[in-house]
Amino acid sequence: MNGKILLLLLCLGTGKIFSQQYYGKKQVNDQPKAEFILEDGTKVNGFFVGYNYPNGTYPGFFDKDNIYSFEYKKTPGSSAEKLSAKDVKSLKIFDDHDDVTSAIERLDMKYVDKNGKVEDKRKRSFQPLLYEGKIQIYGSNIDICTNSICNYAYSEFYIRNAKDDFALMPVDYDKMSLFSIGSMYDRMVQSFRYAGRNCPDFQKYMDSFEAKLEDKAFRKEINERFKQVRKQAYDDAKKQGYKHNRTQQVIGDYMLRAYLEFYAGIIKEYEKNCPY
């Protein structure tokens with residue numbers, strides 16, 4: 001099966017609804033139709049009100065599930081009720097024509113260190129599917145907001161072999177510090193190695209990719225590419241006359257797409273070389 005990038009209106013819309021800030025509660029204004037799939041397979045239908053996510057700042061923020069609970073109404077005029085995030089497997093949001101406009105799925109997490117050792121992270125993350133393939137990519141943007149001013153912080157991604165029941169972070173922010181940024185590429189390589197662990201040809205590709213990453217000029221080229229994407233986003237937003245928050249949304253959209261294409265390029269090598 002060939003992979004497919006799903007970052008169209010659906011995923012961009014999902015990112016705007018479910019993009020995370022560093023603290024608090026997020027509510028939507030229109031309260032659209034929603035369908036929750038619970039852990040036991042039960043469906044709960046209603047109207048989406050919002051969700052609660054962890055209070056705190058770096059680094060403690062990263063040690064927590066990214067959503068604690070969801071709020072919904074059984075009818076538009078009824079009182080809001082809560083669903084614990086640990087009981088929810090997925091959520092879909094619909095428009096007035098019953099077409100899906102947003103969707104997120106709960107990912108159970110594992111961590112791969114730079115030596116390839118795998119450990120449970122004991123945390124979950126709700127994320128939209130951005131790339132459908134033998135190895136799937138999930139992800140969204142993180143914003144930092146102070147009062148009404150929001151800034152795009154970074155894009156976080158998760159990869160999952162379609163046969164696995166857990167996901168990995170190519171860049172695992174809660175395992176990073178100022179002293180470990182240099183090992184970021186090592187951790188990324190190990191995450192992809194593990195996701196494609198059953199395919200020797202993909203491991204050979206990762207050997208050559210890892211060797212390229214050891215070249216400082218190649219790493220500089222990658223970093224410069226992403227810097228140019230950010231600059232292009234800012235310039236395009238400026239041409240449109242967007243204000244600060246809308247400009248930050250545009251930057252987030254551009255960066256999310258750029259990182260997605262980078263990771264999808266690695267996964268396409270897996271799909272090209274691995275029949276399973």
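**Reading disulfides and a helix crossing**

User: Is the disulfide of Cys145 and Cys150 right-handed or left-handed?

Analyst: The torsion about its S-S bond is about 110°, so the Cys145–Cys150 link is right-handed. In general, a disulfide is a covalent bond between two cysteines' sulfur atoms. Here a disulfide means a pair of cysteine sulfurs within 2.5 Å; Cys145 and Cys150 have theirs 2.0 Å apart. Both cysteines are buried (under 20% relative accessible area with a 1.4 Å probe, protein chains only; exposed is over 50%, partly exposed in between).

Bear in mind that this is a predicted model, where local features need pLDDT of at least 70, side-chain atom pairs need 80 or more, and totals for chains, interfaces and linings use all residues. Residues are numbered from 1 along each chain as its sequence is written, and side-chain values use heavy atoms, without hydrogens or water.

User: How many disulfides are there by this rule?

Analyst: Two. The other one I'd show you joins Cys199 to Cys274, S to S 1.9 Å, and is left-handed at -90°. That pair links distant parts of the chain, 75 residues apart.

User: At roughly what angle do the axes of α3 and α4 cross?

Analyst: Packed helices are described by the angle and the distance between their axes. Axes are lines fitted to C-alpha atoms, for helices over the stretch in contact, with angles from 0 to 180 degrees between N-to-C directions. Helices α3 (residues 200–213) and α4 (residues 216–239) come within 6 Å and cross at roughly 90°. They are therefore roughly perpendicular (65 to 115 degrees; under 35 is roughly parallel, over 145 roughly antiparallel, the rest oblique).

Methods: Helix = DSSP H or I, 4+ residues; strand = E, 2+ residues; numbered from the N terminus.
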